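Welcome! Please take a moment with the sequence and the model shown here, and then read on for a short tour of some of its helices.

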Amino acid sequence: ARGVPGDRAPQCGLRLDVSREAIRLMPTYPDAVANLGALHARQRKYAEAIVELRRALAMSPQHENARRNLAFALNSAGVDLARARQLPEAVALFMEATALQPGESSLWRDLGQALVEDGKAAEAIAPLERAVALHPRGANERFWLAHAYLLADRPHDAKAQIGVLESLDAAAAASLSAARSPERSRAISGWDAEPARSQTTR
């Protein structure tokens, strides 16, 4: 499960208090603000995390931890929205996350998956192709790209991706092969992947 394990929750609460006190003493110190945002993210308080991490980046645009953790928080919030079928809102957060961390394949994959599930398979192809280029051995990336190709009526491209997927995840490849028609492939969905953990500044 995402977030802080239950037996570490008191420790995280103490760190929150420390971070808030650091901000009170040094309100323009970006590390303190970024750490508070990262701790909120660990507690799955993504709305609060996003506010603080955006503030930290505004103070220090080159703050790598704030940038990485903001992308994590945006992506995690987007996954929650996607699971609740609030797909346009999820897409907006995923797009912001990819802009912050364009080299992270899972962010492009989640953007593409949300677009597929929102009925925009043609728009999903570019981010999913980017995800596959970044992580060629990623079964989830290949799965969703093949799925998008099927829905976009590009069966030859889908077949090529399914062929590669067979060596990575035979069961996933079989599920797509059984759903060769776009209508049958629409039933494939899921948001099971875990996002990366947030990191505080030491």
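Glu52 is buried, because its relative accessible area is 14% and buried means under 20% (exposed is over 50%, partly exposed in between, with a 1.4 Å probe and protein chains only). This residue belongs to helix α3, residues 46–59. Helices here are DSSP runs (H or I, at least four residues), numbered from the N terminus. Setting aside neighbours within four places in sequence, Glu52 touches Val33, Leu36, Gly37 and His40, where contact means heavy atoms within 4.5 Å.

A word on the source: this is a predicted model, in which local features need pLDDT of at least 70 and side-chain atom pairs count only at pLDDT 80 or more, while totals for chains, interfaces and linings use all residues. Residues are numbered from 1 along each chain as its sequence is written, and side-chain values use heavy atoms, with hydrogens and water left out.

Now for how helices pack. Two packed helices are described by the angle between their axes and the distance between the axes. The axes are lines fitted to C-alpha atoms over the stretch in contact, and angles run from 0 to 180 degrees between N-to-C directions.

| Helix pair | Angle | Axis distance |
|---|---|---|
| α2 (residues 30–42) and α3 | roughly 160° | within 8 Å |
| α8 (residues 139–151) and α9 (residues 155–168) | about 155° | 8 Å |

The angle of roughly 160° makes α2 roughly antiparallel to α3, a term for angles over 145 degrees. Their crossing is left-handed, that is, the near helix is turned anticlockwise from the far one by less than a right angle. Residues of α2 at this contact include Val33, Leu36, Gly37 and His40, and Glu52 is among those of α3. By class, the contact of α2 with α3 holds eleven nonpolar, two polar and three charged residues. Here Ala, Val, Leu, Ile, Met, Phe, Trp, Tyr, Cys and Pro count as nonpolar, Asp, Glu, Lys and Arg as charged, and the others, Gly among them, as polar.

The crossing of α8 and α9 is left-handed. Among the residues that meet are Phe143 and Tyr149 in α8 and Ile162 and Leu165 in α9. Eleven nonpolar, one polar and two charged residues make up the contact of α8 with α9.

Technical notes. Helix = DSSP H or I, 4+ residues; strand = E, 2+ residues; numbered from the N terminus. Parallel < 35°, antiparallel > 145°, perpendicular 65-115°, else oblique.
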